[in-house]
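Subject: Handover of a structure

Dear colleague,

Please find below the structure that I am handing over to you.

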Amino acid sequence: MAVTGEHLGTPLAIDDVDKENLAYFAYCAAGDFRLQRGRRSGLLRYPPTTACPWTRDREYDWVPVEGRGAVYTYTEVHHAIQPAFRAKTPYLVLFVDLDTQRGEPTEHESLRIVGNLVTAAGELAPPEDVHRVGIGTRVRMVITPVADGLAIPNWTIDTDAAQPRLCIQFSERL
């Protein structure tokens, strides 16, 4: 069954033929972050796909994964294309290295999950939080409900984690 919803004024839809994404977002909607683990490779993958990128095996299991990690890179949005996002600028889109499966299958690889920087309540983070984030900042996942069967994984600063002394930040925030 297709799933539709709206997030910050933007319509979202997942067609019924997209069974992997329907399952992924349904787990998120249940407050349960899960990723596919290839049965042959034993490796987790993201985004959800029909086959393992390492073995092409189509057999997999959905396994629970802890939503904690460090910012790998990010972009700071100042010009929002969607009208509903304009009042929220600047906001961050984070690409986060999960602590799970870091350095596998090679030392340079990691599970990387994309999401916005949000408050602990799931709202886009205010400018004072935006300016605290850099490469290496420790974050934890916050799942933002959208509709029945649909929720979006996002990130908030992990206040329980030791933060790096110096996070690498892009220029002086133009």
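I begin with the cysteines. C52 counts as buried, at 2% relative accessibility; buried means under 20% relative accessible area, exposed over 50%, and partly exposed in between, with a 1.4 Å probe and protein chains only. C28 is also buried, with a relative accessible area of 1%. The structure holds zero disulfides, a disulfide being a pair of cysteine sulfur atoms within 2.5 Å.

Before going further, please note that this is a predicted model, in which local features need pLDDT of at least 70 and side-chain atom pairs count only at pLDDT 80 or more, while totals for chains, interfaces and linings use all residues. Residues are numbered from 1 along each chain as its sequence is written, and side-chain values use heavy atoms, with hydrogens and water left out.

How many aromatic pairs does a search of the whole structure find? The search finds seven. Rings of Phe, Tyr and Trp (its six-membered ring) pair if their centres lie within 6.5 Å; planes under 30 degrees apart count as stacked, over 60 as edge-to-face and the rest as tilted. The pair of Y24 and F25 is edge-to-face, because the ring centres are 4.9 Å apart and the planes stand at 80°. Both of these residues, Y24 and F25, are buried. The rings of F85 and Y91 have centres 5.5 Å apart and planes at 50°, so this pair is tilted. F85 is buried at 11% relative accessible area, and Y91 is buried at 9%. Ring pairs also link Y24, F25, F33 and Y46 into a cluster.

The next topic is Y72. The charged end of R112 sits over the ring of Y72, 3.6 Å from the ring centre; this term requires NZ of Lys or CZ of Arg within 6 Å of the ring centre and within 35 degrees of the ring normal. Y72 also forms a nonpolar patch on the surface with F95 and V114, and together they have about 240 Å² of accessible area. Accessible areas come from the Shrake-Rupley method with a 1.4 Å probe. V114 counts as partly exposed, at 35% relative accessibility.

Yours sincerely

Terms used:
Patches are made of residues with over 30% relative accessible area and no salt bridge: like charges are joined within 9 Å, nonpolar side chains (Val, Leu, Ile, Met, Phe, Trp, Tyr) within 5 Å. A salt bridge is a side-chain nitrogen of Lys or Arg within 4 Å of a carboxyl oxygen of Asp or Glu.
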